[in-house]
Amino acid sequence: MTVHQVEPYNAEPPRSVLVDAVTPVSAFYSRNHGPVPAADEESWRLRVDGLVTTPLSLSPADLRERFPERTETATLQCAGNRRAGLVAVKDIPGEAPWGPTATATAAWTGVRLADVLAAAGVSDTATDVEFLGADVSPQADPPQEFGGSIPLRKAGMPEVLLAWAMNGEPLPPVHGAPLRVVVPGYIGARSVKWVHRVRVTDAPSPNFFQASTYRLLPPDAEVTATPGEGVELGLVAVNSDFLTPDDDAEVPAGPTGVTGYAFAGGDRTIVRVDVSADGGSTWTQAELGEQASTWAWRHWDATVDVPHGEVELLARAWDSSAALQPERPEQVWNPKGYVNNSWARLRLRGV
Ligand code: MTE
Ligand code: MO
C-alpha cells in the first residue's frame with residue numbers, strides 16, 4: 001500500500017492488485033477523516049429518526065432479523081481519486097496526492113436502506129436522508145462526526161445498503177464495522193462508515209463533509225470552508241485508468257498488452273474505451289470485460305505498439321450517456337482536487 005497518512009489512515013494499493021472484478025479486502029483503499037472509532041457490536045445501535053412516523057433504534061441483530069439480507073456488487077470511488085494528476089498542474093496544499101487506486105469493488109452484504117426507511121415510515125415532506133458516522137473528525141470546522149446525505153429518491157433505491165460484510169467477510173474496523181452505508185454510483189464520501197444514525201430530513205446535510213468540502217469550486221476560488229460554496233458532488237463522473245503495466249515500467253518494444261478499469265456513476269455504464277500510443281493521433285478500441293452489475297466498474301484490455309524509448313499511453317472512456325472523459329487535467333483542475341477524470345496517462349519505456 002502507498003500510505004498517504006498514518007493517522008488518520010489513508011492508503012491505496014498498487015495498480016496491479018485491482019485487476020479482479022471484485023477487489024480483495026486487503027487491497028481495498030482506505031479513506032478516513034478521523035480516527036477509527038471503537039465500535040462494540042453488542043452495544044451498537046442504529047438510530048433512525050427525523051421526518052419519520054416511528055423512530056427506530058436497531059441493533060445489528062435487529063437488522064438481521066427484521067429485514068431481508070441483500071448482496072450488491074458495487075464500486076466505491078473517492079472524489080479525490082487521481083488527484084496526483086491535478087497536483088502536477090498546480091499544487092493543492094493540504095490534500096493527499098492520490099493515485100488511480102482510490103477506487104475498488106466489493107460484494108457488499110446487509111439490508112436495504114429502503115426497507116429500514118419503510119419500517120420507520122417516511123413523512124411526505126422529506127427530501128433527503130442524512131447519515132452520521134461515529135468517528136469525530138478533527139479536520140472539520142468545528143470538529144464533528146463524519147456525515148453526509150443523499151436525496152430521498154436515491155435512498156429508496158434497492159441498491160443502497162446498510163452493510164455489515166464485504167466479500168462475505170465481516171467488515172474490518174477500518175472499512176466501517178459494525179455497519180456502513182453503501183451508496184452505489186455516488187462519490188465514496190456518501191458511503192458513511194460506522195453509521196449510527198440515519199436522519200430523514202427536508203434539506204441536504206449541513207455536515208462539514210457535504211456543506212463545506214467534497215464540493216467543486218471554480219478554479220479561481222479561494223479554498224475557504226464557506227458552507228454552500230461551489231457545487232455539491234454526488235454522482236461519479238466517467239473515469240478510467242491503467243492497471244497493468246505499472247507507470248514507468250520498462251517493457252519490450254512491440255505489441256504490448258495493457259489493462260485498466262473504467263467506471264461511471266449513477267446508473268450509467270461503460271460502453272467504450274480507447275487507447276493510444278501516439279499521443280492521440282490513432283486509437284485502438286479496448287476489449288471490455290464483464291460488468292458485474294450496473295454499480296460496478298468495467299475492466300478493459302488492449303494491445304498497443306510500444307516504440308523504443310519513452311512513450312506516454314493514453315486511455316479514455318465513454319459512458320452510456322455518451323459522456324467522454326475530458327482530455328487534459330488543466331481543464332478540470334479545481335482548488336480541492338476532486339474529480340480528475342481527464343484521460344489516463346501511463347509512461348512506459350520500450351526496450
Ligand atoms: N465514513 C466515515 N464515517 N468517515 C470517513 O472518513 N470517508 C469516506 C467514506 N465514508 C469516511 C466515511 C470517503 S471520502 C470514502 S472515499 C469512503 O468512505 C472510503 O471507504 P473505505 O475507506 O472503506 O475505502
Ligand atoms: Mo472519498
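The model is predicted, so local features need pLDDT of at least 70 and side-chain atom pairs count only at pLDDT 80 or more, whereas totals for chains, interfaces and linings use all residues. Residues are numbered from 1 along each chain as its sequence is written, chains are lettered from A and ligands numbered from 1 in the order in which they are written, and side-chain values use heavy atoms, with hydrogens and water left out.

Confidence was examined through pLDDT, the predictor's confidence in each residue, from 0 to 100. The protein chain averages 97. A score of at least 70 is reached by 99% of the residues. Strand β14 (residues 231–232) has the lowest confidence, with a mean of 94. Strand β11 (residues 180–182) has the highest, at 99. Helices (H or I, at least four residues) and strands (E, at least two) are DSSP runs, numbered from the N terminus.

Two regions carry UniProt annotations. Positions are in the numbering used here, feature names are shortened, and annotations may be inferred rather than shown by experiment. The unreviewed UniProt entry assigns "domain: Oxidoreductase molybdopterin-binding" to residues 33–208. That span is 14% helix and 36% strand. Its end C-alpha atoms lie 11 Å apart. The feature "domain: Moybdenum cofactor oxidoreductase dimerisation" is placed by UniProt (unreviewed entry) at residues 238–348.

One open sheet has five strands, in the order β16-β23-β22-β18-β19. Its pairing is mixed. Two strands pair if DSSP finds at least two bridges between them. The edges are held by β16 (249–251) and β19 (284–285). Each has a single partner strand, so one side of each is left without a neighbour in the sheet. Strands β16 and β23 run parallel and are joined by three bridges. Glu 250 stands opposite Arg 349 in β23.

Backbone exceptions come next. Most residues other than glycine have a negative phi, and most peptide bonds are trans. Ala 177 and Pro 178 are joined by a cis peptide bond, with omega of about 10°. Pro 178 sits in the loop between β10 (169–170) and β11. A cis peptide bond also joins Thr 244 and Pro 245, with omega of about -5°. Pro 245 belongs to the loop between β15 (239–244) and β16. Asn 167 is not a glycine, yet its phi is positive, at about 55°. The loop between β9 (161–166) and β10 holds Asn 167.

On a 1 Å grid over the protein atoms alone, a cavity is a set of points where a 1.4 Å probe fits but cannot get out, and a pocket is an open set with protein on both sides within 12 Å along at least five of seven lines. Lining residues have an atom within 4 Å of a point. Grid points are joined across faces, edges and corners, and a volume is the space filled by probe spheres set on the points.

The largest pocket holds about 390 Å³. Its lining has 17 residues, with Arg 82, Ala 84, Gly 85, Asp 247 and Arg 345 nearest the centre. Two or more lining residues come from each of α2 (84–87) and β23 (344–350). The largest share, three residues, belongs to β23. Domain 1 (2–232) and domain 2 (239–350) each give at least three residues to this lining. Those bounds come from an automatic or database domain assignment. By class, the lining has six nonpolar, four polar and seven charged residues. Here Ala, Val, Leu, Ile, Met, Phe, Trp, Tyr, Cys and Pro count as nonpolar, Asp, Glu, Lys and Arg as charged, and the others, Gly among them, as polar.

The second largest pocket holds about 300 Å³. It is lined by 18 residues; Arg 31, His 33, Gly 94, Glu 95 and Gln 139 are closest to its centre. Seven are nonpolar, seven polar and four charged.

Two cavities reach 30 Å³ or more. The largest cavity has about 220 Å³. Among its 19 lining residues, Arg 31, Arg 180, Gly 188, Ser 191 and Lys 193 lie nearest the centre. The lining divides into nine nonpolar, six polar and four charged residues. The second largest cavity has about 30 Å³. Its lining includes Pro 178 and Trp 164. Helix α1 (residues 60–66) gives the most to that lining, three residues.
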